Amino acid sequence: MADVEEQAHGEPLSTPPGATPAMLSPMPPARPLDAIDRDILRLLQTDGRASVRSVAERVHVSRANAYARINRLIDDGVIRGFGARVNHERAGHGASAYITLKIVQNSWRTVREQLQALPGAAHIALVSGDFDVLLLVHTPDNRTLRELVLTRLQSIPEVLSTRTLLVFEETDLDPHPGRMG
């Protein structure tokens, strides 16, 4: 079910909407990270709003060096973006669930596009094992979750079966437990 298998079987690659030729070219391999790069990543994982000046001071490099390193990490695809960690319940999404899906062989790209369009979809992973896809969703309540599973997911022709695992409590893990920033 992996992308490599699909390409080996000759399935044409689909072009994502809005993609430019530069976006479609394969990303060059990332350059090796040194200790300063890893420290910058640790700091930004802990506080994505840290200023370049603050990062530079904390890793003991110039602002210009920190700025260049952060931009290189972004350009190399090591840093994929910056965001907020959200308390979903306080944000009006009181029901969360992991949903496992079994899908038709070689339908990953089609299914992924449909899952990305689902309201509340937070994470999608193609996995190995007893099921093919693991989907994390956040919805306002159980009725909306039920509707999402029974109406939206199970109406996707390539979805053979689903299993819903309700999330009772979530805890975001510190990217580097035991380390002081």
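Predicted model: local features only at pLDDT ≥ 70, side-chain atom pairs only at ≥ 80, totals over all residues.
Guide: Helices (H or I, at least four residues) and strands (E, at least two) are DSSP runs, numbered from the N terminus. Residues are numbered from 1 along each chain as its sequence is written, and side-chain values use heavy atoms, without hydrogens and water.
Visitor: What angle do α3 and α5 make where they pack?
Guide: Helix α3 (residues 35–46) packs on helix α5 (residues 63–75) at about 80°, and their axes are 11 Å apart. Axes are lines fitted to C-alpha atoms, for helices over the stretch in contact, and angles run from 0 to 180 degrees between N-to-C directions. The two helices are therefore roughly perpendicular (65 to 115 degrees; under 35 is roughly parallel, over 145 roughly antiparallel, the rest oblique).
Visitor: Which residues of α3 and α5 meet?
Guide: From α3, I36, D37, I40, L41 and L44 meet R69, I70, R72 and L73 of α5; contact means heavy atoms within 4.5 Å.
Visitor: On another topic, what is the average pLDDT of the protein?
Guide: The average is 83, and 81% of the residues score at least 70. Over residues 1–24, however, the pLDDT is below 50, and this stretch has 32 contacts in the model beyond near neighbours in sequence.

Technical notes
pLDDT = per-residue confidence, 0-100.
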